[in-house]
Amino acid sequence: MVERVDVTIIGGGPAGAAASIILKKRHPDKTVLLVEASHYENWRVGETLSPDAGKAFRELDIWDSFQKNEPLPTLGTCAAWESEEIHENEFLFHPEGKGWHLNRVQFDQWMADEAVKKGATLLTDTRYVRHQRSSDQQFKLTLQNKAGEFQVETNLVIDASGRSSGFLKHSQGKKQAYDRLSGSIGFFKADSSPSEISTYTLVEAMEDGWWYSAVLPDQQVVVAYMTDADILKKKNLKEISSFCGMLEQTKYTKLRVENDVPLKPLAILSAASLMSDPVCGNGWLAVGDAVSTFDPLSSQGIYKAIRSGMFGAYAISDFFNGDDSGFAKYERFIKEEYNEYLSTRSQFYNMVKRWPESEFWLRRQGH
Ligand SMILES: Cc1cc2nc3c(=O)[nH]c(=O)nc-3n(C[C@H](O)[C@H](O)[C@H](O)COP(=O)(O)OP(=O)(O)OC[C@H]3O[C@@H](n4cnc5c(N)ncnc54)[C@H](O)[C@@H]3O)c2cc1C
């Protein structure tokens with residue numbers, strides 16, 4: 001049996017959930033299908049939520065529900081960046097006053113549940129596989145769950161499938177990469193001795209990369225070493241002994257970890273800055289990491305994903321209302337946002353002059 005829906009959203013992360021919520025808020029009569037490959041069983045990366053998310057949650061009408069989850073507040077970022085000295089960058093002057101440290105699996109599942117409460121249909125354990133276009137411009141999507149493949153027909157598609165950008169790949173789109181940043185990521189028991197900076201995200205620059213760490217709910221701490229993929233491989237940073245050896249060389253990050261026994265195996269993930277080309281096409285658009293990715297240094301990825309999910313949904317909403325200029329406006333917004341991001345990223349990496357011979361820093365300083 002082939003199902004028919006108005007909009008299919010591929011990917012139930014923050015971007016896909018935000019898009020579903022806006023569409024159902026604005027067009028309760030339209031059918032919105034949210035397709036998610038997992039059932040939110042495995043851990044996910046990205047733990048610091050920017051205070052800007054507060055405004056988005058109010059617009060999505062999920063602020064009260066977010067507060068009920070009692071998220072762990074964070075007061076800002078501490079960074080040993082230009083020098084060995086720690087500098088605090090507080091959220092003090094932000095209207096929200098604080099950001100949050102999240103358990104990402106619980107957060108993503110909560111957002112998807114909120115989309116369901118607003119009327120979206122969520123299919124978990126269901127993966128987008130490929131699509132075709134029929135003569136009347138309908139998309140015929142092939143989806144797969146444990147029982148096998150099945151088809152869904154849909155007028156419009158939002159690709160919110162994260163870095164994998166499944167739909168873009170099948171649409172012959174491509175990605176422009178601005179670097180090869182990768183992370184070796186570990187979860188440990190957090191050191192329990194009180195520290196002034198335990199509520200802050202901590203960033204510590206090293207000769208060929210940088211560490212970030214954040215204390216999470218349940219007394220866990222996420223610790224990640226970020227460097228280029230080739231350096232990560234050369235230093236064998238997927239091995240816990242090499243990882244902990246590097247951690248031992250830090251001045252501040254090592255103090256956050258109770259012992260060197262990881263709670264889960266280390267994960268190696270790409271964190272490269274990428275931009276999709278195209279951003280959208282006839283009847284579809286990409287949102288969140290599927291359209292562009294930011295360096296984790298920005299701590300903006302989740303908020304940016306939610307915002308682009310909302311803006312993508314506004315473009316589709318305009319289309320439902322007979323105005324098809326929303327797609328072009330959306331594309332312009334994404335490109336401007338990305339150019340601004342690249343310029344800020346360059347300013348941050350250019351601040352670090354401590355290792356004039358280091359390939360990692362030279363690559364980011366225009367050499
Ligand atoms: C090392 C690292 C650290 C980071 N730290 C931070 C941080 O501290 N703060 C921050 O704000 N951001 C951080 N980020 C970025 C942040 O995690 C992402 O920007 C954010 O998760 C993007 O949300 P999204 O909804 O676009 O994509 P995702 O969160 O990737 O969600 C995509 C969803 O699509 C699903 N999916 C994928 N393929 C398919 C398919 N074929 N069919 C159906 N479903 C599919 C996936 O299961 C997933 O649920 C970090 C990223 C990295 C790599």
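This is a predicted model: local features need pLDDT of at least 70, side-chain atom pairs count only at pLDDT 80 or more; totals for chains, interfaces and linings use all residues.
Now show both helices whole, H1 as residues 14-26 and H4 as residues 104-117. Their axes sit 8 Å apart and pack at an angle of about 20 degrees. Since angles under 35 degrees count as roughly parallel, that makes H1 roughly parallel to H4.

Next, zoom out and colour by domain. Domain 1 takes in 3-47 + 102-177 + 273-346, while domain 2 covers 74-97 + 180-271. Their C-alpha centres are 29 Å apart. Where the two touch, domain 1 puts in nine residues and domain 2 puts in 15. On the domain 1 side, that's four nonpolar, two polar and three charged residues.

Last stop: the ligand. Where does the ligand lie relative to domain 1 and domain 2? Both domains give residues to the shell around the ligand, so it lies between them. Select the shell and you'll have 36 residues, with Gly-13, Gly-46, Gly-162, Gly-288 and Gly-301 the closest. By class, the shell splits into 16 nonpolar, 16 polar and four charged. H1 turns up again here, and along with strand E9 (127-133), strand E13 (181-189) and helix H8 (301-320), each supplies at least two shell residues. Finish on H8, which gives the most, with four residues.

How values were computed
Residues are numbered from 1 along each chain as its sequence is written. Domain bounds come from an automatic or database domain assignment. Two residues are in contact if their C-beta atoms, placed from the backbone, lie within 7 Å. Ala, Val, Leu, Ile, Met, Phe, Trp, Tyr, Cys and Pro count as nonpolar, Asp, Glu, Lys and Arg as charged, and the others, Gly among them, as polar. Axes are lines fitted to C-alpha atoms, for helices over the stretch in contact, and angles run from 0 to 180 degrees between N-to-C directions. Angles under 35 degrees count as roughly parallel, over 145 as roughly antiparallel, 65 to 115 as roughly perpendicular and the rest as oblique. A residue is near a molecule or strand if its C-beta atom, placed from the backbone, lies within 6 Å of it.
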